[in-house]
Amino acid sequence: MTRRSPSSYTPSAELISALPDVSGNLINGLGEREQRRASPMFWHPPDQHPFGAVQEIASASCRATQVARDAFAGAYEYPALIPVAKRKGRQSDKTWTEAATEFAFAHEADLFGATSIKDHYIVDGYDVAEPNVILLGMAHDWERLRQVPSTPDNGVGVAEIGRQYARGTRASYALANWIRAQGFAAQPYPGPRADALLLVPAAIDAGLGELGKHGSIINRTYGSNFRLAAVTTDMPLDLYCADSFGADLFCANCQVCSDACPPDAIMSAKQWVRGVERWYVDFDKCIPYFAENASCGVCIAVCPWSRPGVADRLLVKLARREPKPRPSGA
Ligand code: B12
Ligand code: SF4
Ligand code: SF4
């Protein structure tokens, strides 16, 4: 993981010629104050969005090393889904949630949360039939992840990303099959491809953490050192609340990721995007570097919350900064 000055990166001629005329920020709804569903974007089938040719370059660069090719192959090995059992099990929401959590933790997930499906999680043109969504988090080995951006000589960082995507595929399919065996509908959403669901807003509502300035989630235990997968289901569940522990405020006073981002894509102030004011990464600046550098990942690797052992210390510091109640009579 090397720190580069923002001006040190110039896209190749091949990349420039693959770029469409339209801005990805426009497609994402930057500057829009009305709520709407997100449009299909990167990692949807390449003929469904204007960045398809850039996506082909990104896929090839992720697979430039044997170690990364092996890791990503596991992410696309989808186990068979069993039919939904005819007889529904009868338990309370709490008992189902406890059982699903226990199952997920025993099948490769490190984080678990649940929420109801909201319209803005669904990508325009798709449908989701099930009313609830379970979010799973799979932690990276940070010593491997911190070796991003990967190069043709060192694919360890991107291979770690592929490895965790593979865990997400296995974990989400295993959980979906367990739920189906209990008599409920369940559809897995493993992480690597884009699909019907935006995982980040769903995971925030499911209690997995806060949105960081770098556009990924910061979790109170793993920082941004994890990947997401999901299972939609009609199993009755205890739904979680969003977790707020001060990461948003911390980001307002930190610029580690924006200083480290090679193409200077991380915006320093919140922006209006599809009706919500939030942190935003400039897609048009990120995507050329991302595509040519094996999916980059520098921003999540340098985030101080991601370094093992640091999140606990930051939580204690932030708790000390909480305003103290004024003594009565003062
Ligand atoms: C397409 C995509 C990309 C694209 C475009 C991202 C973009 N922001 O435009 C590219 C290729 C650039 C990309 C890059 C990265 N990605 Co990406 N990406 C996705 C993917 C497949 C779909 C997201 C999408 O369509 N974004 C386009 C629009 C919707 O973006 P947006 O409006 O800016 O919204 C972003 C956030 O603000 C948030 N969001 C959306 N709606 C709302 C609403 C509210 C209220 C809030 C608070 C937030 C929020 O979600 C979006 C995340 O990109 C998801 C997986 C998934 N199915 O969700 C992974 C995902 C978001 N990516 C992820 C990661 C880690 C990265 C990278 C660090 C690369 C890497 N090697 O790991 C970089 C980070 C840089 C960045 N730009 O965000 C992780 C995040 C995990 C986490 N801890 O939060 C995900 C969830 C993949 C996974 N399965 O784990 N990514
Ligand atoms: S590096 Fe700093 S500003 Fe960036 S997401 Fe992490 S805490 Fe927030
Ligand atoms: S993934 Fe994009 S936003 Fe993150 S450091 Fe790389 S270029 Fe910057």
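**Close-up views of a predicted model**

**View 1. Helix H5 passes helix H7 in a right-handed crossing.** The model is predicted. Two packed helices are described by the angle between their axes and the distance between the axes. Here the axes of H5 (residues 93-106) and H7 (residues 156-181) come within 9 Å and cross at roughly 145 degrees. On the H5 side, the contact is made by Ala100, Phe103 and Ala104. H7 brings Ala171, Leu175, Trp178 and Ile179 to this contact. By class, the residues of the contact of H5 with H7 are 7 nonpolar, no polar and no charged.

**View 2. Four strands form an open sheet in the order E1-E2-E6-E3.** The pairing in this sheet is antiparallel. Strands E1 (111-116) and E3 (186-189) stand at the edges and have a single partner strand each, so one side of each is left without a neighbour in the sheet. From one strand to the next, the twist averages 20 degrees.

**View 3. Strand E1 pairs with strand E2 in the antiparallel sense.** One bridge can be picked out by its residues: Ala114 has Ile134, in E2, as its bridge partner. Helix H5 packs on the sheet here, touching E1 and E2. The direction of H5 makes about 140 degrees with that of E1.

**View 4. Helix H7 lies across strands E2, E3 and E6.** E6 is formed by residues 226-233. H7 runs at about 20 degrees to E6. H7 is also the helix that H5 passes in View 1.

**View 5. Ligand 1 is surrounded by 38 residues.** The closest of them are Gly191, Val200, Gly215, Ser216 and Gly297. At least two residues of this shell come from each of the following elements: helix H8 (199-205), strand E6, strand E8 (276-278), helix H11 (283-292) and helix H12 (298-302). Which classes of residue make up the shell around ligand 1? The shell has 27 nonpolar, 8 polar and 3 charged residues.

**View 6. Ligand 3 has 14 residues around it.** Those that come nearest are Cys261, Cys286, Cys296, Val298 and Cys299. Helices H11 and H12 each supply at least two residues of the shell around ligand 3. Which element gives the most to this shell? H11 does, with 3 residues. By class, the shell around ligand 3 has 12 nonpolar residues, 2 polar residues and no charged ones. H11 and H12 also supply residues to the shell around ligand 1.

Terms used: Residues are numbered from 1 along each chain as its sequence is written. Chains are lettered from A and ligands numbered from 1 in the order in which they are written. This is a predicted model: local features need pLDDT of at least 70, side-chain atom pairs count only at pLDDT 80 or more; totals for chains, interfaces and linings use all residues. Axes are lines fitted to C-alpha atoms, for helices over the stretch in contact, and angles run from 0 to 180 degrees between N-to-C directions. A crossing is left-handed if the near helix is turned anticlockwise from the far one by less than a right angle, and right-handed if clockwise. Two residues are in contact if their C-beta atoms, placed from the backbone, lie within 7 Å. Ala, Val, Leu, Ile, Met, Phe, Trp, Tyr, Cys and Pro count as nonpolar, Asp, Glu, Lys and Arg as charged, and the others, Gly among them, as polar. Two strands pair if DSSP finds at least two bridges between them. A residue is near a molecule or strand if its C-beta atom, placed from the backbone, lies within 6 Å of it.
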